[in-house]
Amino acid sequence: MRVKIDAGGMTYLPLCDCGWRGLPSTSRGGALSDARHHERRAHPGDLQAAKALAEHRRRAGHS
Ligand SMILES: [Zn+2]
């Protein structure tokens, strides 16, 4: 599976290629966190969203 964040205007919407879509978030980190929750629930063993979230947090400078 693959998740992506659709950034439009003021919000970030997490989308998965399985058809799932999360709730719009006001931050990329929030959308990535939502995507990671979905990944854990729906795609156990996948780490794409986990890695994206970790990378985002590293770049943002907070844990
Ligand atoms: Zn999915």
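This tour goes through a predicted model, one selection at a time.

**Whole chain**

Show the protein chain as a cartoon and colour by pLDDT. The mean pLDDT is 94, and 97% of the residues reach 70 or more. Confidence is lowest in H2, at a mean of 94, and highest in strand S2 (residues 11-16), at 98.

Two helices and two strands make up the secondary structure, and along the sequence they follow the pattern β-β-α-α. The C-alpha atoms fill a box of roughly 25 × 25 × 15 Å along the principal axes. The radius of gyration is 11 Å, which agrees with the value near 11 Å for a compact globule of 63 residues. Of the 63 residues, 25% are buried. Among contacts between residues at least 6 apart in sequence, 21% join residues at least 24 apart.

In soluble globular proteins, nonpolar side chains tend to be buried together.

Stay with Val3. Which residues does Val3 touch, not counting those up to four places away in sequence? They are Pro14, Leu15, Cys16, Ala35, Glu39, Gln48 and Ala49.

**Helix H1**

Select residues 28-42, which form helix H1. The end C-alpha atoms of H1 are 21 Å apart, in agreement with the 21 Å that its 15 residues should span at 1.5 Å a residue. The buried residues of H1 are Ala31, Leu32, Asp34, Ala35, Arg36, His38 and Glu39. Asp34, Arg36, His38 and Glu39 are therefore on the buried list by the count of 20 or more other C-beta atoms within 10 Å.

Now centre on Gly30, which lies in H1. Is Gly30 buried or partly exposed? Gly30 has 17 other C-beta atoms within 10 Å, so it counts as partly exposed. Leaving aside neighbours within four places in sequence, Gly30 is in contact with Tyr12 and Ser25. Draw a distance from Gly30 to Leu53: the two are 23 residues apart in sequence, and their C-alpha atoms are 9.2 Å apart in space.

**Helix H2**

Select residues 48-60, the 13 residues of H2. From first C-alpha to last, H2 reaches 18 Å, close to the 18 Å expected at 1.5 Å a residue. Pick out Ala49, Ala52 and Leu53, which are buried. Turn the view to look down the axis of H2: the buried residues fall within an arc of 100°, so they line one face of the helix. An α-helix has 3.6 residues a turn, so residues three or four places apart point the same way.

On the other side of H2, select Lys51, Glu55 and Arg58, which are exposed. Then return to the buried residues of H2 and show what covers them, including strand S1 (3-8) and H1.

Finish at Gly61, which follows H2 and has a positive phi, near 85°.

How values were computed:
Residues are numbered from 1 along each chain as its sequence is written. This is a predicted model: local features need pLDDT of at least 70, side-chain atom pairs count only at pLDDT 80 or more; totals for chains, interfaces and linings use all residues. Helices (H or I, at least four residues) and strands (E, at least two) are DSSP runs, numbered from the N terminus. A residue is buried if 20 or more other C-beta atoms lie within 10 Å of its own, exposed if 12 or fewer, and partly exposed in between; C-beta atoms are placed from the backbone. Two residues are in contact if their C-beta atoms, placed from the backbone, lie within 7 Å. The expected span of a helix is 1.5 Å times one less than its number of residues. The arc is that of the directions from the helix axis to the C-beta atoms. pLDDT is the predictor's confidence in each residue, from 0 to 100. The radius of gyration is taken over C-alpha atoms; the globule rule is 2.2 Å times the number of residues to the power 0.38.
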